[in-house]
Amino acid sequence: MDNRAEIREFLMSRRAKITPAQAGLPPAGRRRVPGLRRIEVAMLAGVSVEYYSRLERGDAAGVSESILDAIAGALQLDDAERSHLLDLVRTSGATRAPRRRPPVPRIRPTVQYVLDAITAAPAIVHDGRLNHLGGNALGKALFSPFFATGDEHPNSARYTFLDPRAPEFLRDWDKAADDTVAILRAEAGRDPYDRNLSDLIGELSTRSEEFRTRWASHDVRIHATGTKRLHHPVVGDLDLSYESFPAPDQGQNLLIYVAEPHSPSHDALNLLASYAATHHDGDTAGAPSATRQHFSDRAD
């Protein structure tokens, strides 16, 4: 990634989203482009327009964190956007690392022991590129369509955009697609010279127009908590909440999914746990249709 271009395009995209009214400025007549002008951002941040224009051109040399905080305030950036701006500026002066392709990381045995100790909820570990590195039995059963791809470390971004069955499994496919791209965009800001990440982004950009469109929006997101609405091939619809926790190894996150107690999703998750306990290979995506019908009837 070209960090100068990334800084420029990110700041321009955020500036275009803020209207003068949202910024507390008086109307300024007809505008040729949406959003704030550079001079208005500079005024709100308390810097000269020349200084801000230089930063928006991608020249981040010598820019202090306090100035970036002021610009983040002027552009009304949220926590994820502010962190992304700081990452882009931090890496803009870094020496380009050798272009190498490291292996996909693995989780340590003790992390797997922790996963296996979680028996009442699906739990998985993924890295910043959204590779699924491991999970407990219920986690693998829940995300069996991912693991059914046959990849040792299935990638949820690749699944979301390239597998034609993804919209059936991901009931909020548009939201899942938006979140996926926003997470990858934030990861690219943290480590722009990650060869595996750049290869993944290149593959998705080449093969998916939906991905290209979303990538151009420069949206970023922190994957800390949220909801997942799935249609599971064994137990049907599931509405789950998740919490994300940093795993001991840098760049890895532990996600735990829960259903509201006594809800249909809670009952369905219990059925899935029963199914997973009797199918140790975790092949719920390929479950025989009669078995799926049996569990669906019980869920009803």
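Visitor: What should I know before reading?
Guide: This is a predicted model, in which local features need pLDDT of at least 70, side-chain atom pairs count only at pLDDT 80 or more, and totals for chains, interfaces and linings use all residues. Residues are numbered from 1 along each chain as its sequence is written, and side-chain values use heavy atoms, with hydrogens and water left out.

Visitor: How many helices and strands are in the chain?
Guide: The chain has 15 helices and five strands. Helices (H or I, at least four residues) and strands (E, at least two) are DSSP runs, numbered from the N terminus.

Visitor: And what share of the residues is buried?
Guide: Of the 300 residues in the chain, 46% are buried. Buried means under 20% relative accessible area, exposed over 50%, and partly exposed in between, with a 1.4 Å probe and protein chains only.

Visitor: At what angle do α2 and α4 cross?
Guide: The axes of α2 (residues 38–45) and α4 (residues 65–74) cross at roughly 120° and come within 8 Å. Axes are lines fitted to C-alpha atoms, for helices over the stretch in contact, and angles run from 0 to 180 degrees between N-to-C directions. The two helices α2 and α4 are therefore oblique to each other; angles under 35 degrees count as roughly parallel, over 145 as roughly antiparallel, 65 to 115 as roughly perpendicular and the rest as oblique.

Visitor: Which residues meet there?
Guide: Val41, Leu44 and Ala45 of α2 meet Ala70, Ile71 and Ala74 of α4, where contact means heavy atoms within 4.5 Å. By class, the residues of this contact of α2 with α4 are six nonpolar, no polar and no charged. Ala, Val, Leu, Ile, Met, Phe, Trp, Tyr, Cys and Pro count as nonpolar, Asp, Glu, Lys and Arg as charged, and the others, Gly among them, as polar.

Visitor: New topic: is Asn136 buried or exposed?
Guide: Asn136 counts as buried because its relative accessibility is 2%. Asn136 sits in the loop between β2 (132–135) and α7 (137–142). A polar atom of the Asn136 side chain lies 2.6 Å from the backbone nitrogen of Gly139.

Visitor: And Ala216, buried or exposed?
Guide: Ala216 counts as exposed, because its relative accessibility is 54%. Ala216 belongs to the loop between α13 (209–215) and β3 (225–232). The C-alpha atoms of Ala216 and Glu9 are separated by 8.9 Å, although these residues are 207 residues apart along the chain.

Terms used:
Polar contact = N/O pair within 3.5 Å; in protein donor to acceptor, adjacent residues only side chain to side chain.
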